[in-house]
Amino acid sequence: MSENTSKFGALSAVLARDLATVEDLPNYIAPPAGVYKLMIEACGQKVINEKAVIAVDYIFLELKSTNEKPDEQDEIEIKKIQWGKDKMSESFYFNDPDRIETTLSVLKKKFGPLGPQLGTTNLLEILDRLPNLTIEAQVGRRGDENDKSKFYPYTRMIILAA
């Protein structure tokens, strides 16, 4: 028994793998602006920084078009996307009682147009039916107010993908 085997115990057999055979984790990204084909992986309530949110997680499937001529940095970022693996997430906060109606209006504007195809006009039912839907959406990114090197993705003009 080698020293490594005893130090890692029963996990030695699991860990004794070439890194090329270990799958890469997805990256959470804020890609360059464009229209993307996305799969909604999950939609549900979470707590972020002790605040109640509805979080929607997306997986990038394909770039349909860019909004404008991408610059060299955008092209580099687009080439780095692991299609079918890399993700983005949007969160809708419900911690401020004075802004709940505004948050509901944002959810209505963003996901309400999917209601007719999902057979409902009830917001909870629409959100409940989002996981595993394939959509096309215009994706943009906004900069962090305090850190200009950080970006946060957002979607708009969501439609069901053909």
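**Reading the surface**

Tutor: Start with Ala 52, which counts as partly exposed because its relative accessibility is 32%. Buried means under 20% relative accessible area, exposed over 50%, partly exposed in between (1.4 Å probe, protein chains only).

Student: What kind of model is this, and how are residues numbered?

Tutor: This is a predicted model: local features need pLDDT of at least 70, side-chain atom pairs count only at pLDDT 80 or more, and totals for chains, interfaces and linings use all residues. Residues are numbered from 1 along each chain as its sequence is written, and side-chain values use heavy atoms, with hydrogens and water left out.

Student: Where is Ala 52 found?

Tutor: Strands (E, at least two residues) and helices (H or I, at least four) are DSSP runs, numbered from the N terminus. Ala 52 lies in strand S2, residues 51–66.

Student: Which residues does Ala 52 touch?

Tutor: Contact means heavy atoms within 4.5 Å. Leaving out residues up to four places away in sequence, Ala 52 touches Gln 45, Lys 46, Phe 92, Tyr 93, Phe 94 and Asn 95.

Student: How far apart are Ala 52 and Asp 96?

Tutor: In sequence, 44 residues; in space, 9.5 Å, C-alpha to C-alpha.

Student: Where is Phe 8 found, and is Phe 8 buried or partly exposed?

Tutor: Phe 8 belongs to helix H1, residues 3–8. Phe 8 is partly exposed, because its relative accessible area is 43%.

Student: And Glu 75, where is that found?

Tutor: Glu 75 sits in helix H3, residues 72–80. Glu 75 is partly exposed too, with a relative accessible area of 36%.
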